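Okay, thanks for coming, everyone. Let me put it up.

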Amino acid sequence: MRMKEDHMLNGQLKPAFNVQISTNRQFINNYTLHQTTTDTTTCIGHMEEFKALYDFYPNESIADAGYGSEDNYLYAREKGMNTFIKYNYFHKEQTRKWKTDPFRSSNFYYNQVLGCYYCPIGQQMRLVGKGKQQTKTGFEQEIHIYEAIRCQGCPLRFLCHKSRNNRRIEVNHRLNKLKAQEKEKLFSTEGLVLRSQRPQDVDATFGNLKNNKNFKRFLLKGKSKVEVELGLLAIAHNIAKVAS
Ligand code: SF4
C-alpha cells in the first residue's frame with residue numbers, strides 16, 4: 001500500500017494490511033483486516049463479521065465516500081441497514097462549477113418516458129447499446145450507452161467533446177438511482193447530524209490509537225497473528241474508555 005509515512009518522498013509501496021474498524025461512541029465494536037488497497041471492497045466482509053459477532057446487522061451505518069459503491073448500497077438495503085454513505089464526487093457535485101457545467105453528462109436532461117438524454121444544444125441522445133462490466137469484486141454492473149444523433153457542424157462541439165465521432169455517454173441507471181437516494185438521506189436532518197458525528201467517532205478512535213497511543217505499526221507478522229494483535233488493541237482501547 002501507499003503509506004502516509006513516506007520517508008523517501010517517492011510514494012514507495014510498502015507491505016501492509018488494510019485495517020477496518022467500526023465504532024459506536026468511540027468504542028470499537030468490530031475490526032477486520034483486509035489484503036486490498038481500496039476501502040470499497042472491504043465493506044461487505046466487515047459487515048458480515050459484525051453479523052457473525054452480534055447476530056444482527058447494524059440499524060444504521062455511516063461511512064465516508066470510500067465505501068460508496070453499487071454493490072455496497074444494494075447489500076446494505078438487502079440486509080435492512082439504513083445507510084448514510086457518501087460516494088465518489090459527492091462533495092464535488094455540490095460545487096457551483098459542477099452544477100453549472102452544461103457539458104457534464106450528469107447534468108444532461110433525461111427523458112424517462114422516451115428513454116433518451118438531451119445534450120446541451122437540445123439534441124436527442126438515443127440509446128445505442130447496453131453492456132455489462134464487472135467490478136474488482138466480480139459484481140456485475142449494467143451500462144447504457146447513449147449517442148448524439150449528429151455532432152458534425154455543432155457550434156458547441158469544441159466545448160463539448162474531442163471525439164471525431166458523435167458524443168457518447170455511458171450511464172449506470174441503477175447506481176445513479178442509489179446515489180440519488182443516498183444523497184437525499186445525507187442531506188436530511190438525520191443525515192446531517194450523523195455525518196457530523198462520524199469524524200468525532202471513528203476518526204477520533206484512529207487518532208487516539210495512532211497518535212495518543214503511538215501505535216503505528218504491528219509487531220507481529222501474518223494475518224492471523226496481526227488479527228490477534230489488533231483485537232488486543234481494540235480491547236485495551238475499550239477498557240481505557242470505560243476507565244476514563
Ligand atoms: S457536440 Fe454533439 S453532444 Fe455536444 S452539444 Fe453539440 S450536438 Fe450536442
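So, at what angle do helix α2 and helix α5 pack? About 65 degrees, with the axes 10 Å apart, for α2 at residues 70-78 and α5 at residues 173-186. Axes here are lines fitted to C-alpha atoms over the stretch in contact, and angles run from 0 to 180 degrees between N-to-C directions. Helices are DSSP runs of H or I, at least four residues, and strands are E runs of at least two, numbered from the N terminus.

Before I go on: this is a predicted model, where local features need pLDDT of at least 70, side-chain atom pairs count only at pLDDT 80 or more, and totals for chains, interfaces and linings use all residues. Residues are numbered from 1 along each chain as its sequence is written, and side-chain values use heavy atoms, with hydrogens and water left out.

Who touches whom? From α2, E70, Y73, L74 and R77 meet a set in α5 including R174, L178 and E182; contact means heavy atoms within 4.5 Å. By type, that contact has six charged residues (Asp, Glu, Lys, Arg), four nonpolar (Ala, Val, Leu, Ile, Met, Phe, Trp, Tyr, Cys, Pro) and one polar (the others, Gly among them).

Now, Y73 and L178 also belong to the largest nonpolar core, eleven residues in all. A core is a set of buried Ala, Val, Leu, Ile, Met, Phe, Trp, Tyr and Cys residues joined through side-chain atoms within 4.5 Å, buried being under 20% relative accessible area with a 1.4 Å probe, protein chains only. β4 (82-85) and α5 each give two or more residues to this core. I85, another member, is in contact with Y73, E182 and L186, among others.

Methods
Buried means under 20% relative accessible area, exposed over 50%, partly exposed in between (1.4 Å probe, protein chains only). Lists of a residue's contacts leave out its neighbours within four places in sequence.
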